[in-house]
Amino acid sequence: MTRAASLSEITRADVEDFLYHEAALLDEWRLEEWLDLFTLDCVYEIPAPDRPDEDPAMTFSLIHDHRPMLEQRVIRLKKPTAHAEFPHSRTRRLLTNVRILEHRQHEELSVTANFAVYRIRNGVEVTYVGRYEHTLTASPDGMKIRHRKAILDHDVLDPHGKISIIL
Amino acid sequence: MSEDILAATAQRRAETVARWGEAHTMRMLNTTRNLILFPNMALIDLNFGIQVRTMYPTAPDRTEITGWQLMPKDAPDPLKAYRIDNALTFWGPAGLATPDDVEGLEQCQRGFSSLNEVQWSDISRGMGAERPTAVDELQMRSFWRQWNECITGEKASPEGPRYDTSYLTPATPDAALQTTSRSRS
């Protein structure tokens with residue numbers, strides 16, 4: 001586990017270990033454990049793909065969750081009434097091109113990675129392709145995600161017009 | 001809801017009452033409705049915003065749905081942010097409601113492919129009730145009644161409550177305002 005004191009010495013391999021673990025929790029549908037990887041002041045964001053840098057408070061995006069809404073999302077995804085994900089889909093996340101962009105005052109890491117997330121359900125396979133921008137920070141329990149921005153490369157959400165899983 | 005949102009909402013309501021009167025304000029701001037403009041537009045007017053949708057079938061098994069969220073142009077930024085957030089988390093394609101609605105639509109479509117075996121789809125929920133509830137299927141039946149009339153020329157008997165809108169006449173805003181003011185004094 002990575003400690004706060006050593007955040008400035010974190011290597012790309014450490015970040016990769018963390019992100020692969022995080023992706024595995026999502027693929028294994030261990031959503032509560034996944035939620036524990038986020039700080040209390042976290043933001044999970046999927047901007048409109050054509051305007052990824054707009055202020056999500058003042059323009060439409062796809063997801064703009066602060067911690068309370070992210071918790072609701074996890075609770076919702078475990079309920080039988082979440083029809084799109086009950087029974088839940090199979091997902092497989094491929095993460096590549098992981099880079100540490102910046103160490104900010106030894107307190108935060110700015111990290112980017114490319115992703116391909118496959119979702120398979122009812123004979124339909126959908127791929128979400130894009131890039132993560134993560135702000136990671138350290139805590140006594142190891143690294144945490146303070147900001148997760150998943151920027152999709154899609155220009156339409158075909159074929160099914162929705163994002164029912166966590167990206 | 002934070003204090004500044006509550007204050008901004010209360011202020012807008014007071015302005016609306018001053019302009020339109022209490023009775024009409026109740027209909028504008030305190031009444032929820034799910035309105036179908038036949039054949040392919042819906043106005044879903046809930047307390048936290050107005051969602052406009054158009055539905056264009058482009059193939060027997062494909063429909064394009066476009067959604068807009070309406071809000072007052074001059075609303076203060078915190079109120080705009082609140083409305084955007086509400087709309088996003090509920091109506092958005094990755095919100096907490098719409099993905100499941102899309103799933104429902106797709107599963108219905110799957111069921112309709114068995115048309116040769118089963119020729120009926122049951123949309124009778126709340127049929128004949130004096131006042132429909134928010135989860136009744138009145139608007140679906142209203143749509144198909146109108147569709148049937150367009151296709152067959154046969155007028156189906158209507159269903160659902162009729163609302164007294166006589167206070168809205170005369171039709172111009174200024175006249176309505178005067179009428180409302182008189183009725184309040």
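Q: Why is E103(B) called buried?
A: Buried means a relative accessible area under 20%, exposed means over 50%, and partly exposed covers what lies in between (1.4 Å probe, protein chains only). E103(B) has 6% relative accessibility, so it counts as buried. This is a predicted model in which local features need pLDDT of at least 70 and side-chain atom pairs count only at pLDDT 80 or more, while totals for chains, interfaces and linings use all residues. Side-chain values use heavy atoms, leaving out hydrogens and water, residues are numbered from 1 along each chain as its sequence is written, and chains are lettered from A and ligands numbered from 1 in the order in which they are written.

Q: Which residues does E103(B) touch, leaving out those up to four places away in sequence?
A: A contact here means heavy atoms within 4.5 Å. By that test, E103(B) touches H83(A), A84(A), R121(A), N122(A) and K162(A).

Q: Where does E103(B) sit, and which other residues of that element are buried?
A: Its place is helix α4 of chain B, residues 98-112. Helices are DSSP runs of H or I with at least four residues, strands are runs of E with at least two, and both are numbered from the N terminus. Together with E103(B), the buried residues of α4(B) are T98(B), P99(B), D100(B) and V102(B). These buried residues pack against α3 (67-77) and β4 (108-121) of chain A, and also against β3 (49-59) and α3 (77-91) of chain B.

Q: How do you know that the span of α4(B) agrees with its number of residues?
A: The expected span of a helix is 1.5 Å times one less than its number of residues. For the 15 residues of α4(B) that gives 21 Å, and the end C-alpha atoms are 21 Å apart, so the two agree.

Q: How does the reach of α5(B) compare with what is expected, and what comes just after this helix?
A: With 15 residues, α5(B) reaches 21 Å from its first C-alpha to its last, close to the expected 21 Å. Just after α5(B), G153(B) takes a positive phi of about 80°.

Q: What makes F38(B) and F143(B) an aromatic pair, and of which kind?
A: Rings of Phe, Tyr and Trp (its six-membered ring) pair if their centres lie within 6.5 Å; planes under 30 degrees apart count as stacked, over 60 as edge-to-face and the rest as tilted. A search of the whole structure finds seven such pairs over all chains. In the pair of F38(B) and F143(B), the centres are 5.3 Å apart and the planes stand at 45°, which makes the pair tilted. F38(B) lies in the loop between β1 (33-37) and β2 (41-46) of chain B and F143(B) in helix α5 (residues 138-152), so the pair ties together parts that are 105 residues apart in sequence.

Q: Why is the pair of F90(B) and W91(B) given its own label?
A: Their ring centres are 4.9 Å apart and their planes are at 90°, so this pair is edge-to-face.

Q: Are F38(B), F143(B), F90(B) and W91(B) buried, partly exposed or exposed?
A: F38(B), at 34%, is partly exposed. F143(B), at 21%, is partly exposed too, as is F90(B) at 33%. W91(B) has 11% and therefore counts as buried.

Q: Which residues do ring pairs link with F38(B) into a cluster?
A: The cluster contains F143(B), W144(B) and W147(B) along with F38(B). In the loop between β1 and β2 there is also P39(B), partly exposed at 46%.

Q: What makes α1(B) oblique to α2(B)?
A: Axes are lines fitted to C-alpha atoms, for helices over the stretch in contact, and angles run from 0 to 180 degrees between N-to-C directions. Angles under 35 degrees count as roughly parallel, over 145 as roughly antiparallel, 65 to 115 as roughly perpendicular and the rest as oblique. The axes of α1 (residues 3-20) and α2 (residues 22-29) of chain B come within 7 Å and cross at roughly 130°. That makes α1(B) oblique to α2(B).

Q: Why is α1(B) called roughly perpendicular to α3(B)?
A: Their axes come within 9 Å and cross at roughly 100°, which makes α1(B) roughly perpendicular to α3(B). On the α1(B) side the contact is made by D4(B), I5(B), A8(B), T9(B) and R12(B), and on the α3(B) side by P78(B), L79(B) and Y82(B).
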